[in-house]
Amino acid sequence: MTARARLVGINHVALEVGDLDAALEFYGAIFAFELRGRTGGMAFVDMGDQFLALAEGRRQGPDDGRHFGLVVDDKRAVRAALQERGVPIEPGRRLDFRDPWGNRLEVVDYADIQFTKSPPILDGMALAHLRKHESALDELRAKGLG
């Protein structure tokens with residue numbers, strides 16, 4: 001059998017949007033971020049060692065079950081920003097919303113999940129103060145990762 005590569009992580013997620021400037025304005029009203037760069041019909045939102053790529057040209061309808069989880073340092077602040085701007089939050093226990101082009105995002109708090117940034121990355125992002133909840137650490141330990 002041929003050796004298979006192991007999944008290590010996600011470098012970036014690409015979202016198609018209808019208008020790049022409007023997307024940067026929308027996401028900038030909800031999240032604090034720096035623009036990594038911009039070229040042609042794409043913009044790259046920096047997330048330390050990862051990024052979110054926004055690409056002009058979305059043509060499909062709104063996402064239903066398809067979504068991705070975006071990790072933040074303060075989930076409550078995201079909820080407040082969404083409510084302040086009148087962005088509908090999907091029903092249920094999670095914090096899911098759709099952007100104006102139908103991309104569905106699930107917002108998760110860094111403290112609650114297994115996903116972990118290394119100390120040098122957190123330091124470089126000025127997030128060295130972030131800590132994991134014990135339940136997230138237990139999940140990591142159960143996998144031999146904590």
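**Exercise 1.** Determine which residues of the largest nonpolar core touch the most other members.

*Solution.* A nonpolar core is a set of buried Ala, Val, Leu, Ile, Met, Phe, Trp, Tyr and Cys residues joined through side-chain atoms within 4.5 Å; buried means under 20% relative accessible area (1.4 Å probe, protein chains only). Among the 25 residues of the largest such core, Ile30, Phe31, Leu54, Val78 and Phe97 touch the most other members. Two or more residues come from each of β1 (12-17), α1, β3 (42-47), β4, β5, α2 (75-84), β6 (95-98) and β7 (104-109). Helices (H or I, at least four residues) and strands (E, at least two) are DSSP runs, numbered from the N terminus. The largest contribution, 6 residues, is that of α1.

The model is predicted: local features need pLDDT of at least 70, side-chain atom pairs count only at pLDDT 80 or more, and totals for chains, interfaces and linings use all residues. Residues are numbered from 1 along each chain as its sequence is written, and side-chain values use heavy atoms, with hydrogens and water left out.

**Exercise 2.** Decide whether aspartate 63 is buried or exposed.

*Solution.* Aspartate 63 lies in the loop between β4 (50-56) and β5 (68-72). Its relative accessibility is 7%, so aspartate 63 counts as buried.

Methods
Buried means under 20% relative accessible area, exposed over 50%, partly exposed in between (1.4 Å probe, protein chains only).
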